[in-house]
Structure formats: C-alpha cells, structure tokens
Amino acid sequence: NYSFFTLTHALNSGVHYITLHGAGMVSDTLGVSPTRISGSNIYLYTTSTEYITIEGICFDAGIYVYSDLHRAIFRKCYFNYFIGNYWTGACLYDVAFYNCLIANCSVRSAADAVVFYNCVLNSFYNNVVSSSPTVFAYNSIIMPKNNDQSYLNLYNCIIGSNVSHIQSQYADHCILIGETFPSTVAAYDCMNVSSYDEVFEAWNGTFAIDADYSLKAEVANTFLGNDGVQVGIYGGFMPYNPRPSYLRPYRCIVSGYTTTDGRLNVEVEVSSEE
C-alpha cells in the first residue's frame with residue numbers, strides 16, 4: 001500500500017499560497033492507502049494574505065479555526081471535526097468545500113460566502129455574523145445539529161434530521177426526511193418523505209466515512225434538481241468521488257539489476273480521478 005502527502009508553498013507579491021496534497025481520504029480500489037493525520041487537534045491560524053488548498057487527506061484529528069480564514073479550498077477530505085471557533089470570533093470568508101465528508105461541522109460566516117459542493121455534513125451548525133445567511137450548500141446531504149439554528153441556502157440537497165433547525169432564505173429542489181421546513185424558509189419544488197429507506201438504497205442516516213449514500217433508482221430518476229440531474233452528492237456539476245483529482249503513484253517496480261550500460265529500470269504506475 002502507498003500513502004503520501006506533498007506540501008508546497010509559494011510567495012507572490014506578498015501573498016502566500018499553501019497547498020497540501022494527500023493520497024486520498026479513504027482506501028483506494030487500486031490499493032492506495034489514505035493519508036491520515038491523527039493525534040492532537042489542529043489549531044489553524046492564518047492571515048488574509050494566505051491562500052490554502054488542501055485535498056485528499058483524512059483528518060482524524062479535529063480542525064479548529066482560531067483566526068479568520070480567507071479564500072481556502074478543501075477538496076475530497078474527511079474531517080472528524082471542522083470547527084470555526086465562534087468563541088474566538090473567527091470567521092470564514094470565501095471558503096469552499098468540494099466532495100468532503102465532515103462528521104462534526106460548525107462554521108461562523110460573515111459577509112463572504114461559505115459554500116459546500118457535494119458534501120456530507122453531519123451535526124452541522126452555522127453561527128452567522130451578518131443579518132443575511134451566507135452559507136450555501138449544493139447537492140449535499142445535511143444533518144443539522146440538534147437544538148441549534150443554522151442558516152443555509154440550499155440547492156438540490158437532502159436534509160436528514162432536525163429539519164426544523166434549518167433557517168434559510170430559500171431551499172430549491174430539496175428532499176426533507178421526517179420533518180418539514182419552518183415557515184421562515186421559502187421552499188421551491190421540495191419533497192417530504194417519512195424515512196431514509198424511501199430515498200437511499202442502503203443508508204439509514206448514520207454518518208460514516210464508508211457509508212453508501214446512493215439514491216434509490218426511482219428517486220434518482222424522477223426527483224431531479226434544478227439542473228435536471230439527481231439531487232444529493234452524486235448529482236450536480238461535481239458528483240462525489242473520493243479519489244483526488246491529481247496523479248498519484250500507487251505502484252513502483254524497481255529492477256533487481258542494472259543494464260550493461262549502468263541503467264536501472266524503474267516502472268511507476270499512477271492513478272487519477274476517474
């Protein structure tokens with residue numbers, strides 16, 4: 001098995017670009033092991049001149065945002081905890097998550113949008129600073145945290161529990177399981193069902209990194225999003241796929257001897273997102 005990560009740092013006109021790439025957040029069918037970061041919690045301190053991109057890492061440790069986070073991108077990562085620490089006043093500005101799984105998610109948003117694309121958000125809570133909701137979710141599965149009000153704008157999403165704790169400007173082409181939106185939500189072409197087995201092939205609402213979030217065929221083919229394809233994480237313009245988008249080495253074969261002219265034969269096989 002092969003697991004790796006690369007860290008790059010670039011400086012341009014006083015702006016820092018920091019990129020962290022891993023082998024993936026889950027085990028690959030080709031035999032690539034995930035890149036895991038475990039142990040003590042990670043406390044993230046950044047400035048407005050730092051641009052962060054992180055992809056393909058399983059964070060068993062918690063991520064706690066202790067200072068304002070600007071223009072960050074998280075792709076194909078698993079987070080046990082991703083917490084924007086509202087008790088420190090830290091806010092997220094222009095931050096995007098793509099194809100991420102988050103077991104415990106809490107963000108504090110201000111004037112600029114926080115966006116989730118094709119993610120699974122468990123125990124989600126949004127603490128807002130501005131008067132207007134600034135968190136957007138597209139083709140995601142969301143399990144709101146109990147007893148906390150969260151402000152979201154929803155498109156082609158599935159809300160699995162505690163729907164009454166969602167406060168939104170609007171919800172467009174969403175599926176709600178077991179509850180209905182409160183009167184504060186302007187809902188367009190949404191569907192209410194009573195149980196998970198009416199929607200999912202196998203998932204029962206219990207969050208897990210290796211859960212199957214596939215929709216039943218009759219739901220995937222008949223209840224379509226505002227873009228004409230299925231709702232949930234396998235729809236939209238970026239269907240969920242945990243495999244990182246860049247080339248990753250997963251097999252290296254080194255010859256046991258050199259050629260007569262002193263060369264050593266090395267074969268390296270790489271994989272990329274399908």
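Reader: How many salt bridges does the count come to?
Author: The count comes to one salt bridge, where the term stands for a side-chain nitrogen of Lys or Arg within 4 Å of a carboxyl oxygen of Asp or Glu. Please note that this is a predicted model, in which local features need pLDDT of at least 70 and side-chain atom pairs count only at pLDDT 80 or more, while totals for chains, interfaces and linings use all residues. Residues are numbered from 1 along each chain as its sequence is written, and side-chain values use heavy atoms, with hydrogens and water left out.

Reader: Which side chains meet in that salt bridge?
Author: Those of Asp 60 and Arg 36, at 2.9 Å from N to O. Asp 60 belongs to strand β6 (residues 58-65) and Arg 36 to strand β3 (residues 36-37), so the pair ties together parts that are 24 residues apart in sequence. Strands (E, at least two residues) and helices (H or I, at least four) are DSSP runs, numbered from the N terminus. In general, side chains of opposite charge can pair when their charged atoms come close.

Reader: And what is the relative accessible area of Asp 60?
Author: Asp 60 has a relative accessible area of 26% and is partly exposed. Arg 36 is also partly exposed, with a value of 49%. Buried means under 20% relative accessible area, exposed means over 50%, and partly exposed lies in between (1.4 Å probe, protein chains only).

Reader: Changing topic: how many strands does the protein chain have?
Author: The protein chain has 27 strands, together with one helix. Of its 274 residues, 50% count as buried.

Reader: In which sense do β14 and β16 pair?
Author: Strand β14 (residues 114-117) and strand β16 (residues 135-138) pair in the parallel sense over four bridges; pairing requires that DSSP finds at least two bridges between two strands. Val 115 has Phe 136 in β16 as its bridge partner.

Reader: What joins β16 to β19?
Author: Three bridges do, and these strands run parallel. Phe 136 has Asn 153 in β19 as its bridge partner. Leu 154 also lies in strand β19 (residues 153-155) and, at 0% relative accessibility, counts as buried. The C-alpha atoms of Leu 154 and Tyr 138 are separated by 6.3 Å, with the two residues 16 apart along the chain.

Reader: Which way do the residues of β17 point?
Author: In strand β17 (residues 141-144), Ile 141 and Met 143 point one way, Ile 142 and Pro 144 point the other way, and all are buried. β17 pairs with strand β20 (residues 158-159) in the parallel sense over two bridges, and Ile 142 stands opposite Ile 159 in β20.

Reader: Now the loops. Where is Asn 104 found?
Author: Asn 104 is in the loop between β12 (101-102) and β13 (105-109). A polar atom of its side chain lies 3.0 Å from the backbone oxygen of Asn 80. Leaving aside neighbours within four places in sequence, Asn 104 is in contact (heavy atoms within 4.5 Å) with residues including Phe 79, Tyr 81 and Asn 122.

Reader: What about the phi of Arg 71?
Author: Arg 71 has a positive phi of about 50 degrees although it is not a glycine. Most residues other than glycine have a negative phi. Arg 71 sits in the loop between β7 (69-70) and β8 (73-75).

Reader: Is His 173 buried or exposed?
Author: His 173 counts as buried, at 16% relative accessibility. His 173 has a positive phi of about 55 degrees and lies in the loop between β22 (170-172) and β23 (175-177).

Technical notes:
Polar contact = N/O pair within 3.5 Å; in protein donor to acceptor, adjacent residues only side chain to side chain.
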